[in-house]
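Visitor: I have a model open and would like to learn to read it. Where do we begin?

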Amino acid sequence: MRVLGISGSLRRDSYNSALLRAAADVLPPGAELEVFDGLKAIPPYDADDDLGEGPEPVQRLREAIADVDAVLIATPEYNASLPGVLKNALDWASRPHATNPLRGKPVAVVGASTGMFGAVWAQAEGRKVLATIGARVLDVELPVPEADERIDGGRLDDPEIEERLAEIVAQLVEAAVTRAEGLRARAAA
């Protein structure tokens, strides 16, 4: 099982990127996490540019999503919502709506912030956007508040949060396995 990790933060020492690294460490056996690193290169969405495969950075994003079994998004919270770069990437990934690479794909959203609430509003917004796109969104959240105190030197240093993260990635992988089995059964029918 392959899981694509997308960090909604562009910051070099991002707490959300650290959260994805921690997720890679707690994945169930046989699962692997690949991190998408091209978020910054994706241009602002413009339907006039959304022709054919779209711009090259968008092609990379769409292909990365299409090539995995599940997606794990780790998002900070900017002004009580998703960062613009993440929302923009999801807008690109949502096209064409009927056949977009997120359609039916299991997705979980987690988040870290230096504030008291751990990006809960951004996570809720992310789940809403992803459900609208057609992803199979897991009804889970993982707020990591005061991330500057829980992530030390780029490593998650909170056993309770690490345990909850392990539960979420296990649910995500399980959803991906169930989806794969369903797709195989339909193909055989």
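Visitor: How many bridges join strand 3 to strand 4, and do they run parallel or antiparallel?

Guide: A word first: this is a predicted model. Strand 3 and strand 4 are joined by five bridges and run parallel.

Visitor: How many bridges join strand 1 to strand 3?

Guide: Five, and these two run parallel. Valine 3 sits opposite alanine 70 of strand 3. Strand 1 also pairs with strand 2, through five parallel bridges. There, arginine 2 faces glutamate 32 of strand 2.

Visitor: How many residues of strand 3 are buried?

Guide: Read burial from relative accessible area: under 20% is buried. In strand 3, residues 70–75, six of the six residues are buried, so the strand is largely enclosed by the rest of the structure.

Visitor: Which residues of strand 3 lie on each side?

Guide: One side has Ala70, Leu72 and Ala74. The other has Val71, Ile73 and Thr75. Both faces are covered. Strand 1 is mostly covered, with five of its six residues buried.

Visitor: Now a helix. How should I think about its sides?

Guide: An α-helix has 3.6 residues a turn, so residues three or four places apart point the same way. Keep that in mind while you turn the model.

Visitor: Which residues of helix 3 are buried?

Guide: Leu86, Asn88, Ala89, Leu90, Asp91, Trp92 and Ala93. That is seven of the 10 residues in helix 3, which is mostly covered.

Visitor: What covers the buried residues of helix 3?

Guide: The cover includes strand 1, helix 2 (56–66), strand 3 and helix 4 (120–133).

Visitor: Where is serine 94 placed?

Guide: Serine 94 is in the loop between helix 3 (84–93) and strand 4 (106–112).

Visitor: Is serine 94 buried or exposed?

Guide: Compare its value with the cut-off: buried means under 20%. Serine 94 has a relative accessible area of 5%, so it is buried.

Visitor: What lies 2.7 Å from a polar atom of the serine 94 side chain?

Guide: The backbone oxygen of aspartate 91. The side chain of serine 94 also makes a polar contact of 2.3 Å with the side chain of arginine 95. Set aside neighbours within four places in sequence, and serine 94 is in contact with Asn100 and Ile133.

Visitor: Next, empty space. What shows where it is left?

Guide: Rolling a probe the size of a water molecule over the atoms shows where empty space is left.

Visitor: How much space lies in the largest pocket?

Guide: About 200 Å³. The pocket is lined by 13 residues, and the closest to its centre are Ser7, Ser9, Ser17, Phe36 and Asp37.

Visitor: Which element gives the most to the lining of the largest pocket?

Guide: Helix 1, with three residues. Helix 1 (15–26) and strand 2 (32–36) each supply at least two lining residues.

Visitor: Let us take one lining residue. Where does serine 9 lie?

Guide: In the loop between strand 1 and helix 1. Serine 9 has 11% relative accessibility, so it counts as buried.

Visitor: What does the side chain of serine 9 reach at 3.2 Å?

Guide: The backbone nitrogen of arginine 11. A polar contact of 3.4 Å joins the side chain of serine 9 to that of serine 14. Leave out residues up to four places away in sequence, and serine 9 touches Ser14, Ser17, Pro76 and Tyr78.

Visitor: Last topic: sequence and space. How far apart in space are arginine 184 and glycine 154?

Guide: Read the C-alpha to C-alpha distance. They are 39 Å apart in space and 30 residues apart in sequence. Arginine 184 is in helix 6 (residues 159–188), and at 54% relative accessibility it counts as exposed.

Visitor: What distance separates the C-alpha atoms of glutamate 149 and threonine 114?

Guide: 8.1 Å, with the two residues 35 apart along the chain. Glutamate 149 is in helix 5 (residues 147–150). Glutamate 149 is exposed, at 59% relative accessibility.

Technical notes: Residues numbered from 1 in each chain as written. Predicted model: local features only at pLDDT ≥ 70, side-chain atom pairs only at ≥ 80, totals over all residues. Heavy atoms only, no water. 1 Å grid on protein atoms, 1.4 Å probe; cavity = no way out; pocket = protein on both sides within 12 Å on 5 of 7 lines; lining within 4 Å. Points joined across faces, edges and corners; volume = space filled by probe spheres on them. Helix = DSSP H or I, 4+ residues; strand = E, 2+ residues; numbered from the N terminus. Buried < 20%, exposed > 50% of the residue type's maximum accessible area, 1.4 Å probe, protein only. Polar contact = N/O pair within 3.5 Å; in protein donor to acceptor, adjacent residues only side chain to side chain. Contact = heavy atoms within 4.5 Å. Pairing = 2+ DSSP bridges.
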